[in-house]
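I opened my notebook to get to know a structure that was new to me. Here is what I looked up, entry by entry.

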Amino acid sequence: MRFITKSLHAYLDYPVALGLIIMPFILGIGSINPVALYLSVTTGAAAFLLTLLTDHQFGLLRVLPYKLHLAVDGAVGLVFVSAPFIFGFTGIEAAYYWVLGATVLAVVALHKPDDATVAA
């Protein structure tokens, strides 16, 4: 059932990072609780940097192992699903983080290991 390859994941990384930066402004995230805006934008900037540094086809410097990238993604997913409880997000802000967190966790869970990822 695991079908998200390293290559497919690499294609998703930059658009997701940019989406984390842009979507809060489009959706009005942060109007209830400013932390909701800062968390998304900061995570998006960090995700963009992580992608630049990851050893996959779209990494610019390729100094971080892909396995570490997946671990960071998993941690972000856990933080996002927990954020509404930790920071008191409600309404669209809570839904935003629950949906994004669940999606990130699903992508990590559905990752199809390849020989290079297993060996790393």
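**The core**

I began with the largest nonpolar core, which has 10 residues: L20, I29, A36, L39, F80, A83, F89, A94, Y96 and Y97. Such a core is a set of buried Ala, Val, Leu, Ile, Met, Phe, Trp, Tyr and Cys residues joined through side-chain atoms within 4.5 Å. Helix 2, helix 3 and helix 4 each give two or more residues to this core, and helix 4 has the largest share, with 3 residues. I noted that helices here are DSSP runs (H or I, at least four residues), numbered from the N terminus.

This is a predicted model: local features need pLDDT of at least 70, side-chain atom pairs count only at pLDDT 80 or more, and totals for chains, interfaces and linings use all residues. Residues are numbered from 1 along each chain as its sequence is written, and side-chain values use heavy atoms, leaving out hydrogens and water.

**A83**

I then checked A83, and found that A83 touches L39, G88, F89 and Y97 (heavy atoms within 4.5 Å), not counting residues up to four places away in sequence.

**Helix 1**

Which residues of helix 1 are buried? I listed K6, H9, A10, D13, Y14, A17, L20 and P24; buried means under 20% relative accessible area (1.4 Å probe, protein chains only). They pack against helix 2 (34–53), helix 3 (66–87) and helix 4 (91–109). Just after helix 1, G28 takes a positive phi of about 75 degrees.

**P113**

Last, I found P113 in the loop between helix 4 and helix 5 (115–119).

How values were computed
Buried < 20%, exposed > 50% of the residue type's maximum accessible area, 1.4 Å probe, protein only.
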